[in-house]
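Dear colleague,

I am passing on the structure below, followed by notes on what was found in it. Please read the notes alongside the coordinates.

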Amino acid sequence: QVQLVESGGGLVEAGGSLRLSCAASGSIRSINAMYWYRQAPGKQRELVATITSGGTTNYVGSVKGRFTISRDNTKNTVYLQMNSLKPEDTAVYYCKMVVVPTFGYGMDYWGKGTLVTVSS
């Protein structure tokens with residue numbers, strides 16, 4: 001069984017910063033790509049940032065230059081550093097990892113989400 005747990009969400013003023021973390025635990029052999037998604041009220045879930053197993057990153061245009069995704073493979077953890085936050089960044093943020101378990105094939109695992117609220 002693999003579980004992902006996010007942390008680091010909260011309330012911040014516009015222009016502020018937050019750092020989200022997502023740690024995977026369980027019977028893990030390896031982790032391929034890691035992702036951060038977000039879902040704002042009344043909107044569809046959108047992909048915010050991606051980091052491959054080799055460290056290549058990609059971002060949605062609205063967060064480029066403000067957000068940074070990184071990973072610590074020794075801790076099975078992905079981070080999202082969010083700077084210069086805007087009210088439109090308010091959303092529930094979810095992590096997703098492509099995990100290869102000790103026994104079985106790689107598949108997607110999701111965290112339960114952490115709420116980020118940016119006040120104007």
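**Strand pairing and the open sheet**

Strand 1 and strand 3 pair in the antiparallel sense, over six bridges, where pairing requires that DSSP finds at least two bridges between two strands, and where strands are DSSP runs (E, at least two residues) numbered from the N terminus. Within this, L4 stands opposite A24 in strand 3.

Before going further, please note that this is a predicted model, in which local features need pLDDT of at least 70 and side-chain atom pairs count only at pLDDT 80 or more, while totals for chains, interfaces and linings use all residues. Residues are numbered from 1 along each chain as its sequence is written, and side-chain values use heavy atoms, with hydrogens and water left out.

An open sheet of four strands has the order 1-3-8-7, with antiparallel pairing. Its edge strands are strand 1 and strand 7, each of which pairs on one side only. Neighbouring strands of this sheet are turned against each other by 15° on average, direction ignored (axes are lines fitted to C-alpha atoms, for helices over the stretch in contact, and angles run from 0 to 180 degrees between N-to-C directions).

**Nonpolar cores**

The largest nonpolar core has 31 residues, and those with the most contacts inside it are W36, V78, L80, M82, Y93 and M97; such a core is a set of buried Ala, Val, Leu, Ile, Met, Phe, Trp, Tyr and Cys residues joined through side-chain atoms within 4.5 Å. Buried here means under 20% relative accessible area, exposed means over 50%, and partly exposed is in between (1.4 Å probe, protein chains only). The elements that give two or more residues to this core include strand 1 (2-7), strand 3 (18-26), strand 4 (28-39) and strand 11 (114-119), and strand 9 gives the most, with five residues. Apart from this core lies another, of five residues, among them Y35, Y37, Y94 and V98. As general background, nonpolar side chains in soluble globular proteins tend to be buried together.

T50 lies in strand 5 and counts as buried, at 14% relative accessibility. Not counting residues up to four places away in sequence, T50 touches M34, Y35, T56, T57, N58 and I69, contact meaning heavy atoms within 4.5 Å.

**Salt bridges**

The structure holds four salt bridges, each being a side-chain nitrogen of Lys or Arg within 4 Å of a carboxyl oxygen of Asp or Glu. One of them joins the side chains of R38 and E46 (2.6 Å, N to O); R38 is buried, with a relative accessible area of 6%, whereas E46 counts as partly exposed at 28% relative accessibility.

R66 forms a salt bridge with D89, with the closest N and O atoms 2.7 Å apart. R66 lies in the loop between strand 6 (57-59) and strand 7 (67-72), and D89 in the loop between strand 8 (77-82) and strand 9 (91-101), so the pair ties together parts that are 23 residues apart in sequence. Both R66 and D89 are buried.

D108 forms a salt bridge with K96, with the closest N and O atoms 3.7 Å apart. This pair links distant parts of the chain, since D108 is in strand 10 (residues 107-110) and K96 is in strand 9, twelve residues apart. D108 counts as partly exposed at 39% relative accessibility, whereas K96 is buried, with a relative accessible area of 10%. Salt bridges that share partners join R38, E46, R66 and D89 into one network.

With best regards
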